[in-house]
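Thanks for coming. I will go through a few local features of one model, starting with charged side chains and ending with a helix.

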Amino acid sequence: NTPSPSPTSSPTATQTSSPTATSTHTATPTSTPTATETCTPTATQTHTPMPSPTATETPFPTETPLPTETPPPTETPEPTAPPTPLPLPTPDGTLRSLRVPILMYHYISAPPSRANAVRRDLSVSPEQFEAHLRYLQQEGYSTITLRDLSLALQRGYPLPEKPIVLTFDDGYRDAYENAFPLLRRYGFVGTFFVITGFVDEGRPEYLTWDQIVEMDAAGMDMEAHGHTHTDLHNRSQDYLIWQILGAKEALEQRLSREVHFFCYPSGRYDVQVIEVLQALHFWGAVTTAAGVDHQSDQMFELRRVRVHGHYGADHLASVLNSYLYGQ
């Protein structure tokens, strides 16, 4: 029954008069075998048998990446705001005590001719500073960061045989001009505490953001010293958050890494300051109290050794030996 309508449906005489396979082949270019003739939608049928199975399968694999490509735009802001802050490294349950000198420098430049006694006392000339570094290198000291010290105290991470931390308060311009090149020459690392508000104001005697970024990229440790270097003792919580978090975020935004350590302006702090630092995921803070002994349960009261302006290499050696060996 099916074959007879098919010749009738073709108006041409060629369809009826040619029963041969050649005749069917002549009509096939447009509508393929006679079996396909039954399904009249020739154009649809021609596309479906050959390309359709593969063509319809192919879009799905190519469509699959699109959902995975969509999240990256939402992920992009992550680097600007650093990843979820890492809290203080989880202590392993062991109370530790380590004897590590943390030197405290301020200016690495000769004081002006009319400088007062305080400025002179805080100023170590580049020549003196290089003599200090030469002595430390000859004596086998290795510079570490406060992060290294923290991990050693909290988790028992190993430290070099004679570790020492070199810190520089306030972020003066001479830190970039004088301290930074000398530290690199001797293969040492320094920790620089920056007053971010002064950098924002572009004060000529302080570091610029470009210099801070460059020093950080070269391996120096740039940490927070408050937004405007004001006394944090006996302040409201809101004020503390503005001073501490403001400095932390300003640094993290430029450096694209977390800031873990704080230096108390003028060494002034109280319990509330420590609580705010802990809540903001700081790992520790340095004081101006003298000493070289640190405990794992006192990370926010790290002691330091002040380097005075008149210290030559011999004087520094004498002070270090006194603290470390009681000599």
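In which helix do Arg-134 and Glu-130 both lie, and how many residues apart are they? Both lie in helix 11, residues 126–138, four residues apart, or about one turn of the helix. Helices here are DSSP runs of H or I with at least four residues, strands are runs of E with at least two, and both are numbered from the N terminus.

Before I go on, two notes on the source. This is a predicted model, in which local features need pLDDT of at least 70 and side-chain atom pairs count only at pLDDT 80 or more, while totals for chains, interfaces and linings use all residues. Residues are numbered from 1 along each chain as its sequence is written, and side-chain values use heavy atoms, with hydrogens and water left out.

Back to the pair. The side chains of Arg-134 and Glu-130 form a salt bridge, 4.0 Å from N to O. By salt bridge I mean a side-chain nitrogen of Lys or Arg within 4 Å of a carboxyl oxygen of Asp or Glu. By this rule the count is 11.

Glu-130 also has a salt bridge with Arg-185, at 3.2 Å. Arg-185 sits in helix 13, residues 173–186, and Glu-130 in helix 11, so this pair ties together parts 55 residues apart in sequence.

The cut-offs are relative accessible area under 20% for buried, over 50% for exposed, and partly exposed in between, with a 1.4 Å probe and protein chains only.

Next, another salt bridge: Arg-96 with Asp-92, closest N and O atoms 2.7 Å apart. Gly-156, in the loop between helix 12 and strand 4, touches both of these residues and Leu-151, leaving out residues up to four places away in sequence. Contact means heavy atoms within 4.5 Å.

Last, helix 17, residues 271–279. Its buried residues are Val-273, Ile-274, Val-276 and Leu-277. The buried residues pack against helix 16, strand 7 and strand 8. After the helix comes His-281, with a positive phi near 70 degrees.
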